[in-house]
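Please take a moment with the sequence and the 3D structure below before reading on. The briefing that follows goes through the sheets, the helices and the overall dimensions in turn.

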Amino acid sequence: MNIGITCYPTFGGSGVVATELGKALAGRGHTVHFIAYALPMRLEHMVENVYFHEVRVNTYPLFEYPPYALALASKMIDVAQHEGLDLLHVHYAIPHATSAVLARDILRAKGITIPVVTTLHGTDITLVGKDPGFKPVVEHAIDTSDGVTAVSDWLRRETLDSFDVASDVEVIPNFVDTDRFRRQPKDHFRQAITPDGERLIAHVSNFRKVKRAADAVEVFARLHQAGVWPEGHPRHGQPGGVKLLMVGDGPDRAASEAAARDAGVWADVRFIGKQEPVEEILSITDLFLMPSASETFGLAALEAMACDVPVVSSDVGGLPELNVDGETGFLRPIGDVGGMTEAARTVLTQPDLHARMARAARRRAVECFDIDRIVPQYEAHYGRVIAGIEA
């Protein structure tokens, strides 16, 4: 197939999933054309059968705000005509699905039939889509798409409960390349960060308010104060024994840094910004913290699990579909810093439990969310959509 993919080319789950999907499809013999305003963040190297088409928005005095949705639709039309696309797969309802539906209808008037598949990822439904100013547009984009998927069963239910749509929504979960995301021998890297044998915790996010990054710092500060030095260590019973890596960047980073300073743990926290390849960082991590207030799926947690890292997370959205409480880690209510701290301490201070959860996390990632299990589901969905258009 010849597939056009549009996503936000930013540091976030939807862009990562779309890019990795496109690369995987190309590896399976399809031709993929990314259509976006910038190169997707995980498309930094040339990939066979993958092409990039930049959307340029011209500015005119008439427009106070550049009309990106219209520029995107025009670019979709151009690529579909000249590259012979079989299908447009757009990630995020606004404005991508709206632009794709417009492009499809214009192409149809030219005698070109091209179906649109829309994948819903999260805030396009839970936040932006519920804005009264956007809701009718989101409903129209979903209902007039030729195929609609959601990355978790929770998001599917949320979509059908929140919007007046008749379209069927198929759940195709997020995925991970478990060959790439696996525990790697990085002992020298770890030794540089934990010279005294400390346990290492990681938090990875885009540092938006919903990610509650400051909660991760508070959990860490409480663990640090209580001390997690193992029995037999010269400092057993003293504060410390743990360090924190804060990976990513965004509007709440400064507040999280201030929280670390105020808690007196700044010396044992490293804010290292956006990092690729993140699997090298996860490979030296003992525990992953995800205290989010909303999480449609939890891709960052899945990537950690694939690297043998137990997860302590909130119990919201799609996270219970991924992180099995008591098996791959622990689930706690939003804002339950005390509960998350105790769960983290349990994992970090019980070596047998930690090893068991690490194995279970990796096993669940491989058996349920491996890329080779999920990408064929998209291919099958494409086939059904195309067949329905041709019927």
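In this predicted model, helix H9 (residues 253–262) lies across strands E9 and E10, and runs at about 165° to E10. The two strands that H9 lies across belong to an open sheet of 6 strands, and H9 also packs with another helix, H8, their axes coming within 8 Å.

- Strand E10 (269–273) and strand E13 (329–332) are the edge strands, each of them pairing on one side only.
- If direction is ignored, neighbouring strands of this sheet are turned against each other by 20° on average.
- Strand E9 (residues 242–247) runs parallel to E10 and is joined to E10 by 4 bridges, and in this part of the sheet Leu244 stands opposite Val269 of E10.
- As background, strands of a sheet pair through backbone hydrogen bonds, and this pairing can be either parallel or antiparallel.

**The sheet of 7 strands**

- A further open sheet has 7 strands in the order E3-E2-E1-E4-E5-E6-E7, with parallel pairing.
- Strand E3 (50–54) and strand E7 (170–171) stand at its edges with a single partner strand each, so one side of each has no neighbour in the sheet.
- Strand E6 (residues 147–150) and E7 run parallel and are joined by 2 bridges, with Ala150 standing opposite Val171 in E7.

**Helix H8 and its two partners**

- Two packed helices are described by the angle between their axes together with the distance between those axes.
- The axes of H8 and H9 come within 8 Å and cross at roughly 15°, which means that H8 is roughly parallel to H9.
- The crossing in which H8 passes H9 is right-handed, and in this contact Ala213, Ala214 and Val217 of H8 meet Ser256, Ala259 and Ala260 of H9.
- Sorted by class, the residues of the contact of H8 with H9 are 5 nonpolar, 1 polar and no charged.
- Helix H8 (residues 213–226) also packs with helix H13 (residues 337–349), at an angle of about 55° and with the axes 9 Å apart, so H8 is oblique to H13.
- The crossing of H8 and H13 is right-handed, and the residues that make the contact include Val219, Arg222 and Leu223 of H8 and Met340, Thr341 and Ala344 of H13.
- By class, the contact of H8 with H13 has 7 nonpolar, 2 polar and 4 charged residues.

**Helices H11 and H14**

- Helix H11 (residues 299–306) and helix H14 (residues 351–369) have axes that come within 7 Å and cross at roughly 115°, and the two helices are therefore roughly perpendicular to each other.
- The contact is made by Leu302, Met305 and Ala306 of H11 together with Ala361, Arg362, Arg364, Ala365 and Phe369 of H14.
- The contact of H11 with H14 has 6 nonpolar and 2 charged residues, and no polar ones.

**The chain as a whole**

- The secondary structure of the protein chain comes to 15 helices and 13 strands.
- Along its principal axes, the C-alpha trace of the protein chain spans about 75 × 45 × 40 Å.
- The protein chain has a radius of gyration of 22 Å, which agrees with the value near 21 Å that a compact globule would have with 391 residues.

Definitions and conventions: Residues are numbered from 1 along each chain as its sequence is written. This is a predicted model: local features need pLDDT of at least 70, side-chain atom pairs count only at pLDDT 80 or more; totals for chains, interfaces and linings use all residues. Side-chain values use heavy atoms; hydrogens and water are left out. Axes are lines fitted to C-alpha atoms, for helices over the stretch in contact, and angles run from 0 to 180 degrees between N-to-C directions. Angles under 35 degrees count as roughly parallel, over 145 as roughly antiparallel, 65 to 115 as roughly perpendicular and the rest as oblique. A crossing is left-handed if the near helix is turned anticlockwise from the far one by less than a right angle, and right-handed if clockwise. Contact means heavy atoms within 4.5 Å. Ala, Val, Leu, Ile, Met, Phe, Trp, Tyr, Cys and Pro count as nonpolar, Asp, Glu, Lys and Arg as charged, and the others, Gly among them, as polar. Two strands pair if DSSP finds at least two bridges between them. The radius of gyration is taken over C-alpha atoms; the globule rule is 2.2 Å times the number of residues to the power 0.38.
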